[in-house]
Amino acid sequence: MRLKYNAPTVLTFAFISAAVLLLTQTLFPRLTGTWFVVSGKGGFNSADIRSWITLFTHAIGHANWNHLISNFSFILLLGPMLETSYGSLSLLLMIAVTALITGILNILLFSSSLLGASGVVFMMILLASFTNFNKGEIPLTFILVLVLYLGREFLNSFNADDISEFAHVVGGFCGSLFGFFRPAKR
């Protein structure tokens, strides 16, 4: 038996995220705050290349190990199946588009910063319910996942915490659109 790098997009995403957090907590304490956080409303500087880069890289940065483990438990569980179904490049594009959309909407709508891959997690959760999707059908699993996960996020949005339920909902919306318009390869 040999070790196989079975899901290159997912595994690389996980290893880079862990490396960024490790470097932030050891050698470069301002790394995450500088390169892996999207600022809130009024904090985006269109003349600063860093502002544009963080629209994508905020999904790589995490506040602490618990935050990273919470996100990557789902990503490592669902990601390899999605990467097999959609392909490595397609999944990478879906991750990038989800990060970009959540980043842009955060800048436009919220004063708080955005950090972490939870939007990507919810994209994968909703997208996973489409893996056995046939044209002209709506999977019941999609409806149930939509109600359970996004319903919970809607209810949680009334809690005072540092969690961006909005990013979860937007990520789930992205996953739904990807599932409808980009069927999995058979």
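At what angle do the axes of α5 and α6 cross? They cross at roughly 130° and come within 9 Å. Angles over 145 degrees count as roughly antiparallel and 65 to 115 as roughly perpendicular, with oblique for what is left after the roughly parallel ones. That makes α5 oblique to α6. The crossing is right-handed. All of this comes from a predicted model.

## Helix against helix

Begin with the residues where α5 and α6 touch. From α5 come Leu91, Met94, Ile95 and Thr98. They meet Gly119, Val120, Met123, Met124 and Leu127 of α6. Seven residues of this contact are nonpolar, two are polar and none is charged.

Next comes the pair α1 and α4. Helix α4 covers residues 65-86, and α1 covers 8-26.

| Helix pair | Crossing angle | Axis distance | Handedness |
|---|---|---|---|
| α5 and α6 | roughly 130° | within 9 Å | right-handed |
| α1 and α4 | about 165° | 8 Å | left-handed |
| α6 and α8 | roughly 35° | within 7 Å | right-handed |

How do α1 and α4 run relative to each other, roughly parallel or roughly antiparallel? Their angle is about 165°. The two helices are therefore roughly antiparallel. α1 passes α4 in a left-handed crossing. On the α1 side, the contact includes Pro8, Thr9, Val10, Leu11 and Phe13. Leu21, Leu22 and Gln25 of α1 also take part. On the α4 side, Trp65, Leu68, Phe72 and Ile75 are among the partners, and so is Glu83. By class, this contact has 14 nonpolar residues, four polar and one charged.

The crossing is right-handed. α6 brings Ser118, Gly119, Phe122, Met123, Leu126 and Leu127 to the contact. α8 answers with residues including Ala167, His168, Gly171, Gly172 and Cys174. Here seven residues are nonpolar, eight are polar and none is charged.

How many cavities of 30 Å³ or more does the structure hold? It holds one. The largest cavity has a volume of about 50 Å³. Its lining includes His58, Ala59, Ala99, Thr102 and Leu114. Ser118, Gly119, Val120 and Ala167 are also among the lining residues. Two elements give two or more residues each: α5 (88-109) and α6 (118-128). Of these, α6 gives the most, with three residues. By class, the lining has seven nonpolar residues, five polar and no charged ones.

Now turn to the second largest pocket. About 210 Å³ of space lies there. Thr9, Thr12, Phe13, Ile16 and Phe56 are among the residues lining it, along with Leu92, Ile95 and Ala96. α1 and α5 each supply at least two lining residues. Nine of the lining residues are nonpolar, two are polar and none is charged.

Where does Lys41 sit? Lys41 lies in the loop between α2 (31-35) and α3 (49-57). Lys41 and Asn106 are 65 residues apart in sequence, with 7.1 Å between their C-alpha atoms. Leaving aside neighbours within four places in sequence, Lys41 is in contact with Asn106, Ile107, Leu108, Leu109, Phe110 and Ser111.

Definitions and conventions:
Residues numbered from 1 in each chain as written. Predicted model: local features only at pLDDT ≥ 70, side-chain atom pairs only at ≥ 80, totals over all residues. Heavy atoms only, no water. 1 Å grid on protein atoms, 1.4 Å probe; cavity = no way out; pocket = protein on both sides within 12 Å on 5 of 7 lines; lining within 4 Å. Points joined across faces, edges and corners; volume = space filled by probe spheres on them. Helix = DSSP H or I, 4+ residues; strand = E, 2+ residues; numbered from the N terminus. Nonpolar A, V, L, I, M, F, W, Y, C, P; charged D, E, K, R; others polar. Axes fitted to C-alpha atoms, helices over the stretch in contact; angles between N-to-C directions. Parallel < 35°, antiparallel > 145°, perpendicular 65-115°, else oblique. Left-handed = near helix turned anticlockwise from the far one by under 90°. Contact = heavy atoms within 4.5 Å.
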